[in-house]
Amino acid sequence: MRWLLDRFRRRADPSDAETAKVMRELAEAFVKGSAEEGQALGWDSTEASRLDDLCDAFLATDPPAAYRHSMIMGMGAYVGELMVRHGGGRWAYDANERAAVVEMPNGLRGFPHNKVAKRLDHGREHDLFTFYWYGLTRDVAPGTTIRTMPDSGR
């Protein structure tokens, strides 16, 4: 998987086509690796509902930082690729953020790797299924509770 990530370490920004190819390959590697670990994943839209439980199981192993980074890259690519395949999105490279982004036909732009990192760092308040569902529909997933932040006085 390291050779895939090395493509993004070049000085020149990758093209959107290069970004899409690398993200697709990372997502496929994530699916293969998950199967080897006994967690068979497919490309059906419903697979997104399993990702939060996978995060919890992963965190329960107290993984080293290198494994955490691999999980962010692989699972982020997988979530993004599900959005591409089921929501008509497309991968692009955001030069300002220096990150892969999924651009949806509904105008939303999502950074799935950032979302996976937040999910691992902050828990279920950064639910991956809600991220996926909202990206596809602009609607909150059924059964989701919206929390509003208290007014900070600004």
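**View A. Glycine 123 after helix H5 in the predicted model.** In this predicted model, helix H5 is followed by glycine 123, and the phi of this glycine is positive, near 85°.

**View C. Packing of helix H3 against helix H4.** The axes of H3 and H4 lie 12 Å apart and the two helices pack at an angle of about 175°; because angles over 145 degrees count as roughly antiparallel, H3 and H4 are therefore roughly antiparallel to each other. From H3, the residues Leu51, Leu54, Cys55 and Phe58 meet Tyr67, Arg68, Met71, Met75, Tyr78 and Val79 of H4. The residues of this contact divide into nine that are nonpolar, one that is charged and none that is polar.

**View D. The largest nonpolar core.** This core holds 34 residues, and those that touch the most other members are Met23, Leu51, Met75, Tyr78, Met83, Trp91 and Leu120. Two or more residues are given to the core by each of helix H2 (16-36), helix H3 (51-60), helix H4 (65-87), strand S2 (99-103), helix H5 (112-122) and helix H6 (128-137), and the largest share, ten residues, comes from H4. In soluble globular proteins, nonpolar side chains tend to be buried together.

Terms used
Residues are numbered from 1 along each chain as its sequence is written. This is a predicted model: local features need pLDDT of at least 70, side-chain atom pairs count only at pLDDT 80 or more; totals for chains, interfaces and linings use all residues. Side-chain values use heavy atoms; hydrogens and water are left out. A nonpolar core is a set of buried Ala, Val, Leu, Ile, Met, Phe, Trp, Tyr and Cys residues joined through side-chain atoms within 4.5 Å. Buried means under 20% relative accessible area, exposed over 50%, partly exposed in between (1.4 Å probe, protein chains only). Helices (H or I, at least four residues) and strands (E, at least two) are DSSP runs, numbered from the N terminus. Axes are lines fitted to C-alpha atoms, for helices over the stretch in contact, and angles run from 0 to 180 degrees between N-to-C directions. Angles under 35 degrees count as roughly parallel, over 145 as roughly antiparallel, 65 to 115 as roughly perpendicular and the rest as oblique. Contact means heavy atoms within 4.5 Å. Ala, Val, Leu, Ile, Met, Phe, Trp, Tyr, Cys and Pro count as nonpolar, Asp, Glu, Lys and Arg as charged, and the others, Gly among them, as polar.
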